[in-house]
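Hello,

Please find the structure pasted below.

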Amino acid sequence: MTYQFPHRRELKFQAKHRMSHTVSMRVTLIVVCLLMASIGIRFLLDANLTYGLVNLNQYKDTSTGVYFNDNGFSLLFRMDLTQTVLAVPLTYHQITLFLIVSVVSFFFLAPLRVGAMEVYWSILRNGQSTVPGIFQWLTKIGRLGKSLVVEFVLQVGVRLAGLVCLLPSLYLYYLFYSNVTTLKDMTYQMSLIQSLAGLLAVAAGVFAFWLHSLFLPVRYCLASHPEYSLGETFRRGLLSTKGYRGAFFRFRLSMLPWYFLSQVTYNALDLYAMPYTSMASMLYIQEVAKARQVVQSQPLEETP
């Protein structure tokens, strides 16, 4: 006897139906409004780490590198082939404000996000929950500490791992643009380097998304069982998709457009994407648990 997994369309349909619950929409609105408020504060305080493409004529005698000044420094990446320069001008004041706003917003948003996941779980299981429950993740020190650690791994650790994996691609792009300044310099070898750099960049993005999919169940485990210790939360969370990690990764890939649209709309679309993708993933993990129960309930075959 084997367990028949529901089709992904069915799980997504159930998620869309459950996410329309009044409490679900209210807690989502709270988290998304706070998230967008933090983005707005960054803009108002000029606390964003900005970058842009500028005309090469503005940096004729400047090579790729880091250039310090009294107020900060600039990162420059010359691309003579396209007659542009990728410039990242930063000031120490700007970096300080960015860190302060990021830390403060993370301190408030991380526990509330886990609180929203707890509400989603409650709605999926018994169809009811309450809005004030999410604020317990801010007021109870134990819950607050565990949520900060879990969210730090997901939001900071995974992104840093992705950036590290991106370094080989950036180095190959540096080799390419350093040696190819005009179309006459384009050789078969340089063309291969450019293609490989692009492939490595895509691979780094896929790896970061896979790593996020690997650790995401830890967030759901904490929201479902806030009484667990931090070590138990990570252990049980990572084991919850063991044997199905590839399938869970592919399931989340099918929702990739929603993650992308959320980013390009400065998280405004999270009003829909956050409860939808979260509940769909939770339903998938529930099905994994059911599949395991079916396997464990089967009697062992007698050997002759």
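Predicted model: local features only at pLDDT ≥ 70, side-chain atom pairs only at ≥ 80, totals over all residues.

Residues are numbered from 1 along each chain as its sequence is written, and side-chain values use heavy atoms, with hydrogens and water left out.

Helices (H or I, at least four residues) and strands (E, at least two) are DSSP runs numbered from the N terminus; two strands pair if DSSP finds at least two bridges between them. Strand 4 (residues 84–91) pairs with strand 1 (residues 52–55) in the antiparallel sense over four bridges, and Thr84 is the bridge partner of Asn55. Strand 4 also runs antiparallel to strand 3 (residues 72–79), joined by eight bridges, with Val85 as the partner of Arg78. Strands 3 and 4 form a hairpin with four residues between them, and Gln83 in the turn has a positive phi of about 60 degrees.

Ser240 sits in the loop between helix 7 (230–239) and helix 8 (245–253). Its relative accessible area is 17%, so Ser240 is buried (under 20%; exposed is over 50%, partly exposed in between; 1.4 Å probe, protein chains only). Not counting residues up to four places away in sequence, Ser240 touches Pro217, Ile285, Val288 and Arg292 (heavy atoms within 4.5 Å).

Thr265 lies in the loop between helix 9 (256–264) and helix 10 (270–297) and is partly exposed, at 31%. A polar atom of the Thr265 side chain is 2.7 Å from the backbone oxygen of Leu261.

Regards

Key. Polar contact = N/O pair within 3.5 Å; in protein donor to acceptor, adjacent residues only side chain to side chain.
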